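Trainee: Please take a close look at one part of this model, the open sheet, and describe it in a single connected account.

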Amino acid sequence: MTTHVLDTVLGGPAVGMHIELYVREATSDGCANGRWLSLRSVTTNDDGRIDGPLLSGDDFKPGCYRLVFDVEGYFRARGTALPTPAFLGKVPLDFGIADAQSHYHVPLLVSPWSYSTYRGS
């Protein structure tokens with residue numbers, strides 16, 4: 001599993017964005033009601049990417065995952081004028097991994113006012 005972040009205001013990589021990765025604890029009903037368990041905390045590099053995969057090998061398993069991107073922290077650190085509270089604070093992306101043999105790339109395209117994501121290659 002990999003990710004990267006693009007700053008659509010800057011038109012380039014979002015350098016230094018803090019990201020947290022969680023997995024949802026499986027319960028008898030799948031993962032609909034399980035607790036979120038923290039797996040990793042990372043920061044994007046000069047290319048807006050993480051130095052290596054977020055999950056790989058035996059750690060990469062089917063399940064429900066959440067990436068939390070600190071959008072407000074990133075834009076405030078860049079000196080972007082934001083209202084208080086900011087429109088976007090921490091942006092959570094919940095997604096499922098059904099096939100641990102496939103590659104999952106979960107990018108974020110972001111501004112202080114909007115974001116989008118997709119399953120990349």
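**The open sheet and its surroundings**

Mentor: Four strands form an open sheet in the order β4-β3-β5-β6, with antiparallel pairing; strands (E, at least two residues) and helices (H or I, at least four) are DSSP runs numbered from the N terminus, and two strands pair if DSSP finds at least two bridges between them. β4 (36-43) and β6 stand at the edges with a single partner strand each, so one side of each has no neighbour in the sheet. On average, neighbouring strands of this sheet are turned by 20° against each other, direction ignored; the axes are lines fitted to C-alpha atoms, for helices over the stretch in contact, and angles run from 0 to 180 degrees between N-to-C directions.

The model is predicted: local features need pLDDT of at least 70 and side-chain atom pairs pLDDT 80 or more, while totals for chains, interfaces and linings use all residues. Residues are numbered from 1 along each chain as its sequence is written, and side-chain values use heavy atoms, without hydrogens and water.

Within the sheet, β3 (residues 18-24) and β5 (residues 63-70) pair in the antiparallel sense over five bridges. Y22 has R66 of β5 as its bridge partner. R66 also forms a salt bridge with D94, with the closest N and O atoms 2.6 Å apart; the term requires a side-chain nitrogen of Lys or Arg within 4 Å of a carboxyl oxygen of Asp or Glu. This pair links distant parts of the chain, since R66 lies in strand β5 and D94 in strand β6, 28 residues apart. R66 is partly exposed, with a relative accessible area of 22%, and D94 is likewise partly exposed, at 47% (buried is under 20%, exposed over 50%, partly exposed in between; 1.4 Å probe, protein chains only).

Y65 touches, among others, L21, Y22 and V23, as well as W36, L39, L93, D94, F95 and I97; contact means heavy atoms within 4.5 Å, and neighbours within four places in sequence are left aside. Y65 is also among the residues with the most contacts inside the largest nonpolar core, which has 29 residues; such a core joins buried Ala, Val, Leu, Ile, Met, Phe, Trp, Tyr and Cys residues through side-chain atoms within 4.5 Å. β3, β5, α1 (71-77), β6 and β7 each supply at least two residues of this core. β6 gives the most to this core, with four residues.
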